Amino acid sequence: MGTGKRGLIATAVAVVCAVTVLAAPGTAFASPSPTPTPSSSAGPTLAPGKDLEAVRKKLDKLYRAAARATDEYNAAEEKADKQSAEIVKLAKKIVKGKEKLAKLKDRAGASAAAQYRGGGLPPEAHLMLSDDPQEFLDGAGRVRQGQHAAKGLIGELARTQEDLEQYAKDASAQWKKLEAGRKAKAAAQKKIEQQIAQAEKLESELQKEEQERLAELEKEAAGKAQTAWLDSGILDEISGKASEQGKKAVAYATAQIGKPYQWGAEGPKTYDCSGLTSQAWISAGQGIPRTSQEQWKRLRHIDIEDMRPGDLIIYFDDASHVAMYVGDGAIVHAPRPGRTVTLAGAGTMPILGVVRPDTDAEADTD
């Protein structure tokens, strides 16, 4: 076996083994560390009002940073899935190419053996030694056919060898991308865990009364934002009705109310924000990007005034959060760690824009 062939075989084996290892459940990144237990110390006493408002803003900043990192993690995971699938396809092509190459070499070997049995002389030499004119004419035709077949075999051998070499290069390139994605995923996970740990530590240092007051401040801030949004008169302009697919997506999303938030999760027991919206639309028969940022980039943008149930509202300048509009100024979404899938006002967070997954669907006019 030549060194080239051994190299291709080694590549195919390495590719298959690498994909198998990456696909194994045991190689998945560990779940976030358990929620830290509150410190036994009393912790700092914070006066209600300004100090707690600062805590609320700090928590919001930490959880938003975690949301951005979650999008990075989800994007890396989605790319890794595609790259793994591509490597598997390339590995299969390499295996089939090796089988084809072996058969072609067998044919070439058989041709060489036939020539050896003929005394080592080429067909043209045998033809020239013939005394029968008819045999000469018939033989000439066979020689030409044999020459064409030999050239075809040599060409096919060369093309198959080139294909195998290209498959090996492609597999190597995909492997490098997969490794880069693995590092990006690990870095994003570290960021998520750090931000959540800081937020949970900050909350754990609050006394019970302070935690209750903090929850009130969060509700007040959300209510104030929603009231301002409604006072703009925007709801009077939103009258779109859901498409059939939109109804199915809304039904799925609202059925998940009460289930916990978990970063990187796509159900059925836990969700992150884009995991909820992407799975809701998959259930309606429409695949959409996995992350809120990609949903913003790749789905059709529409004016808020044209919004209808099932459309997705993208929040914050960095498109780090997404929710599904369900009508009457309300959304369903997976808010953040420590919360559950819930209904909320569509204007409780800064709206970046609205996107529509079912771009070709007509709204229900009933």
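Helix 2 gives the largest share of the lining of the largest cavity, four residues. Helices here are DSSP runs of H or I with at least four residues, strands are runs of E with at least two, and both are numbered from the N terminus. Keep in mind that this is a predicted model, where local features need pLDDT of at least 70, side-chain atom pairs count only at pLDDT 80 or more, and totals for chains, interfaces and linings use all residues. Residues are numbered from 1 along each chain as its sequence is written, and side-chain values use heavy atoms, with hydrogens and water left out.

Back to that cavity. Its lining includes Ala67, Thr70, Asp71 and Asn74, along with Tyr261 and Ser320. Helix 2 and helix 8 are the elements that give two or more residues to this lining. A search of the whole structure finds one cavity of 30 Å³ or more.

Now for the largest pocket. It is lined by 28 residues, and Asp60, Ala222, Pro335, Arg336 and Met349 lie nearest its centre. Helix 2 (50–117), helix 5 (208–231) and strand 5 each give two or more residues to the lining of this pocket.

Here are the two spaces side by side:

A few terms: on a 1 Å grid over the protein atoms alone, a cavity is a set of points where a 1.4 Å probe fits but cannot get out, while a pocket is an open set with protein on both sides within 12 Å along at least five of seven lines; lining residues have an atom within 4 Å of a point. A volume is the space filled by probe spheres set on the points, which are joined across faces, edges and corners.

Helix 2 turns up again with the rings. The whole structure holds one aromatic pair (ring centres within 6.5 Å; planes under 30 degrees apart are stacked, over 60 edge-to-face, the rest tilted; Trp counts by its six-membered ring). The ring centres of Tyr73 and Trp263 are 4.9 Å apart and the planes stand at 90°, so this pair is edge-to-face. Tyr73 lies in helix 2 and Trp263 in the loop between helix 7 (244–255) and helix 8 (273–283), so the pair ties together parts 190 residues apart in sequence.
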